[in-house]
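Trainee: Could we go through the charged pairs together? I would like to learn how to read them.

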Amino acid sequence: MEALTSYRQLVAKVDAHWIRSAQLLGDRLHCGPGCCDCCRQHISVFPVEAVSIALAVEALPVDAAEDLRSRAARAPADGPCPLLNTDGRCALYPARPIICRTQGLPLLIATDGGNQVAACPLNPATGEPLPAAAVLDLDRLNRILAAVNRIFVRTVMPKAPERISIAAALEIRLP
């Protein structure tokens with residue numbers, strides 16, 4: 001889907017940042033496939049991300065897609081992410097949304113008191129100084145993602161809600 005080009009380019013940049021950060025941080029970065037501490041909350045995503053997830057579901061074998069959709073239909077809003085398999089892995093890891101791609105990285109976050117670096121407790125940002133190139137500016141990334149989503153919604157889904165739960169994204173049927 002051509003309308004997802006900008007989103008896919010952003011995903012590629014976030015993934016490249018992850019790889020660079022992993023190289024810079026070495027054993028200070030513990031998150032990766034199978035680490036699911038941050039997946040214990042059912043989140044919502046922008047429509048551009050929801051459609052990307054729906055396309056990934058459509059690409060699955062029919063049984064796997066139906067299993068995910070069934071799981072989504074039963075997923076409580078206050079439960080874990082419906083993409084989380086019983087083995088602690090994401091059922092659609094290659095198509096996971098941006099927020100999932102940033103988990104574990106040291107994140108620069110603007111606060112009332114100024115900027116601060118936050119990180120998963122498994123990847124503490126304390127001790128030896130963090131290489132600046134390993135830190136992701138979360139506010140900047142969120143502004144870019146919001147802009148990509150606005151363009152997508154305007155051109156593809158003008159009546160889309162502002163956010164779509166992961167469960168609802170899994171149930172989207174594309175023509």
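Trainee: Is E58 buried, partly exposed or exposed?

Mentor: Happy to start there! This is a predicted model, where local features need pLDDT of at least 70, side-chain atom pairs count only at pLDDT 80 or more, and totals for chains, interfaces and linings use all residues. Residues are numbered from 1 along each chain as its sequence is written, and side-chain values use heavy atoms, with hydrogens and water left out. Buried means under 20% relative accessible area, exposed over 50% and partly exposed in between (1.4 Å probe, protein chains only), so E58, at 37% relative accessibility, is partly exposed.

Trainee: Which residue forms a salt bridge with E58, its closest N and O atoms being 2.7 Å apart?

Mentor: A salt bridge is a side-chain nitrogen of Lys or Arg within 4 Å of a carboxyl oxygen of Asp or Glu. With the closest N and O atoms 2.7 Å apart, the partner of E58 is R69.

Trainee: Is R69 buried or exposed?

Mentor: The relative accessible area of R69 is 8%. Because buried means under 20%, R69 counts as buried.

Trainee: How far apart are D67 and R71 along helix α3?

Mentor: Their side chains meet in a salt bridge at 3.5 Å, N to O. Both residues lie in helix α3, about one turn of the helix from each other, which is 4 residues apart.

Trainee: And what is the relative accessibility of R101?

Mentor: R101 forms a salt bridge with D15, the closest N and O atoms being 2.8 Å apart. R101 counts as buried because its relative accessibility is 5%.

Key: Helices (H or I, at least four residues) and strands (E, at least two) are DSSP runs, numbered from the N terminus.
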